[in-house]
Amino acid sequence: MTCLPGKVDRKLGLVIDLDTCVGCQACVTACKGWNDQGYGVPLSDQDAYGAAPSGVFLNRVHSYQVTPDEGPAAIVNFPRSCLHCDNAPCVTVCPTGASYKRAEDGIVLVNEDACIGCGLCAWACPYGARELDAAAGVMKKCTLCVDRIYNDNLPEEDRMPACVRTCPTGARHYGDLSDPDSAVSRLVADRGGYALMPEMETQPVNRYLPPRRKGAVEAGPLTPLVDVQATGFAGWLDRVLGKI
């Protein structure tokens, strides 16, 4: 079994804004593309273009329809990947020591040379963040793009997880959550960010920002023009188009 570090110097992780995530899957595609050529390559696919395709994805986005007590129904897009827990059960359950948590930055990784593909870590993880690579016979998971964030050959602006760098709506944020003055920590404090399934006592590092309450749209400066009836040619065109 693997022991967790007594303390970590930093807690690198993600803050995901459920209010601005549009479920476009750009993060999923970027994650797959980068990890196919980077750390722990490749992420295999089986029958990718067949009737029953399967494969390894370290990041997934699920969409849910929610109906709040007040306000209109809405779609919430929920990205899911490893949360790099402080009390990571996937680490302590590993019989070979393949799963481990780094003391220098808190990232949870898998030593694929020591992994026997037993699946105990996937059984222990309450977030479904572990996947068995059927081709390699080992367990794989989000590495927080450890091969990007410390890569001196990349421009400074690219030294962040591929999913964060790619997100077109800025819904994903990366930083040190052990530092209360970091941008991600301030974001969590300002927006009431929360840990996923705290009752499991895994102490995940990653945080989610809740969707903002949706309600009636406030009247804008052009609202009075909505009821204006067009006349002349514009009125005729409006009536014709209304029949299409």
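In the predicted model, Phe78 has a relative accessibility of 15% and therefore counts as buried, the cut-off for this class being under 20%. Tyr208 is likewise assigned to the buried class, because its relative accessible area is 1%.

Two aromatic pairs are present in the structure. One of them joins Phe78 and Tyr208 in a stacked arrangement, with 4.5 Å from centre to centre and an angle of 15° between the planes. This pair connects distant parts of the chain, since Phe78 belongs to strand β5 (residues 74-80) and Tyr208 to strand β11 (residues 207-209), the two residues being 130 residues apart. Through ring pairs, Phe78, Tyr194 and Tyr208 are linked into a cluster.

Charged side chains are also placed over aromatic rings. Lys32 is positioned over the face of Phe57, at 4.3 Å from the ring centre, while the charged end of Arg148 lies over the ring of Trp34, at 4.6 Å from the centre of that ring.

The largest nonpolar core comprises 36 residues, within which Ile107 and Tyr208 have the most contacts. Among the elements that contribute two or more residues to this core are strands β1 (12-17), β5, β7 (108-110) and β9 (138-140), together with helices α1 (26-35) and α5 (162-166). When residues up to four places away in sequence are not counted, Ile107 touches Leu12, His84, Tyr100, Lys101, Arg102, Thr143, Leu144, Val146 and Ile149.

Definitions and conventions
Residues numbered from 1 in each chain as written. Predicted model: local features only at pLDDT ≥ 70, side-chain atom pairs only at ≥ 80, totals over all residues. Heavy atoms only, no water. Phe/Tyr/Trp six-rings, centres within 6.5 Å; stacked < 30°, edge-to-face > 60°. Helix = DSSP H or I, 4+ residues; strand = E, 2+ residues; numbered from the N terminus. Buried < 20%, exposed > 50% of the residue type's maximum accessible area, 1.4 Å probe, protein only. Lys NZ or Arg CZ within 6 Å of the ring centre and 35° of its normal. Core = buried A, V, L, I, M, F, W, Y, C linked by side-chain atoms within 4.5 Å. Contact = heavy atoms within 4.5 Å.
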